[in-house]
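Let me put the structure up, and then I'll walk you through it.

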Amino acid sequence: MSRSWRHSLRFRTTAIAVFLTALSLLVVFLTMSFLVQTNLFNSRQDQALVSARTAASDAQAALDAADIGGDRSKMFALMSEVQSRISRLAAADGFALRRLSTDQPTATTAQEFQTAGFSDDIITPAMRQNVSDKPGTMWVQSVALTDADGGIAPGLLIGQQLTVPEAGKFALYITYDLTAAQATLSFLQGALWVTGIVLLGIIGVISWFVLRQVTVPIEQAAETSERLAEGDLGVRLDVRGESEIATLGRSFNAMADSLEGQIKELAELSLVQQRFVSDVSHELRTPLTTIKLASDMLNDSRDDFDPTTARTAELLHDQVERFETLLTDLLEISRYDAGSVQLDMEATSLAHLAEDVVEQMRPLAQQHDSDLRFVAPGGYSPVDMDPRRVRRVVRNLVGNAIEHGEGGPIVVTVDSDQDAVAIGVRDFGLGMRAEDTQRVFDRFWRADPSRKRTIGGTGLGLSIALGDARLHHGTLTVWSEQGVGTNFVLTLPRRSGVSPTHSPVPLEPAETTAALDALGMTEPIRLPRAEGTS
């Protein structure tokens, strides 16, 4: 239920509609039940009052017209006639005549009478007092009657004072059973509740099917959007009719057509650009080779030139080499874009490979007054990788650390676990802003465009390094903080084709320069290399 409420618009809307309908029906039914109950009670009470008033008036008229003359037999006959008149005219379920005054003006005594089943317990003191004090008024109250089975039934008790000649004041009490009215009310209430439940179910079903006409096209549009996002550019919505949903479907299909055209156009343009870069790079190879040979000859003979010409020959040689490196990187990038890069896998120790790179880069680090340190608690066991590409990644990361390390220590850490091997290159230079780390792998991007590269580079090294990591199903991540430094971590899986879920080398380092100085020896324990490892 909870999942349907969160994820299904149809279920949520139908539930809300049913709930609000149920609430409205409850209010309406309670109001109708109250009104019906009130009307039934008032109607039955009015009928009872009319009948009781008729019977009481007729009885009083008979009493007033009687001439007893102190004859007890006449009094007995009169009271019998009064009882008969009340029974005939009152149409009551029970009645009783009770003496109010104990004073007897003559020896003639009028007897009390009552119907079977009448109980004085239902007569309250308030009713007795009202009937006694106000002879011209008829009083009524609701009471609980006892039926023939001993059960309790709702009823009315009506009381009025009668004057019996030569006998004094009497109270006439008449009862009316409201069981029939109660049964009618119960039937109406039951009918209302059954009608409400059926109506609620009908509204729920109608709401579900009506909403289905809206939600199904939305679900189809969402599914089609997902397929478009996955690259299925030919998928379209099935449009029927002229409704608003159909208009939405046609607009969606028009948008999909436009996107498909633009994506194909961009793909063709990208293919043309890739082919252009590849073709230009290949075409530049021949003249570049000739220029490089000429620059090498001039550079080798620069000692025979005057200082200005010698410096020119040296600058020409350096720039030609940089141009050759740039051309090589462009060719590599074009291969990545074309998806034509192949790995030459070998079982290689990442620790030994990194150690070799560190030793090669140590003279360059010394030129920049950087202390290049190597820590390798793990990573010695061979792992399948392309050693040439991984070596290029490590060399690029160490070179960047030397260039941007501002003469601070540089720590290269290699470690491993049962799932992955990793290498981290940490410098303590100026660092980068958080937004810069999001673009550090972009092609030709530089955090500080005004800063000159001191050890060469083409601006494509990190982009190529990221591509090499992905080819190995690995990751290349970066952490940096201004004024603290930068840390790059390359993680490779032990099993080919299985991407690592974590790295043995933490991305965000906790150590500081003082902590590194306290380490003392940071060189790895040198183990004998197995044959066939690099």
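I'll begin with the ground rules, then go from the whole protein to its helices, its sheet and its salt bridges.

This is a predicted model, in which local features need pLDDT of at least 70, side-chain atom pairs count only at pLDDT 80 or more, and totals for chains, interfaces and linings use all residues. Numbering runs from 1 along each chain as its sequence is written, and side-chain values use heavy atoms, with hydrogens and water left out.

So, the overview. The protein has 12 helices and 12 strands; these are DSSP runs numbered from the N terminus, H or I of at least four residues for helices and E of at least two for strands. Of its 534 residues, 36% are buried. Buried here is under 20% relative accessible area, exposed is over 50%, and partly exposed is in between, with a 1.4 Å probe and protein chains only. The exposed surface comes to about 30,100 Å², with carbon and sulfur atoms supplying 57% of it; that area is from the Shrake-Rupley method with a 1.4 Å probe, and for residues only the protein chains shown count as cover. As for contacts (heavy atoms within 4.5 Å), take those between residues at least 6 apart in sequence: 68% of them join residues at least 24 apart.

Now please find helix α5, residues 179–229. Several α5 residues are buried, among them Leu185, Gly196, Leu211 and Leu228.

After α5 comes Gly231, with a positive phi near 110°. Ile263 sits in helix α6, residues 244–300, and is partly exposed at 39% relative accessibility.

Another pair to look at is Asp67 and Glu166, which are 99 residues apart along the chain but have their C-alpha atoms separated by 9.5 Å. Asp67 is in the loop between α2 (9–65) and α3 (72–90), and with a relative accessible area of 64% it is exposed.

On to the sheet. Strands of a sheet pair through backbone hydrogen bonds, either parallel or antiparallel. Here we have an open sheet of five strands in the order β2-β1-β5-β4-β3, with antiparallel pairing. Its edge strands are β2 and β3 (139–146), each pairing on one side only. Two strands count as paired if DSSP finds at least two bridges between them. Is β1 mostly covered or mostly open? Mostly covered, since five of its six residues are buried.

Last, the charges. Side chains of opposite charge can pair when their charged atoms come close. The structure holds 16 salt bridges, each being a side-chain nitrogen of Lys or Arg within 4 Å of a carboxyl oxygen of Asp or Glu. One of them joins Asp120 and Arg98 at 3.3 Å, N to O. That pair links distant parts of the chain, with Asp120 in the loop between β2 (113–114) and α4 (125–133) and Arg98 in strand β1 (residues 94–99), 22 residues apart. Asp120 is partly exposed at 31%, whereas Arg98 is buried at 11%.

Arg373 and Asp371 make another salt bridge, with the closest N and O atoms 2.7 Å apart. Arg373 is buried at 11%, and Asp371 is partly exposed at 36%. For Arg389 and Asp386 the closest N and O atoms are 3.4 Å apart, and both residues are buried.
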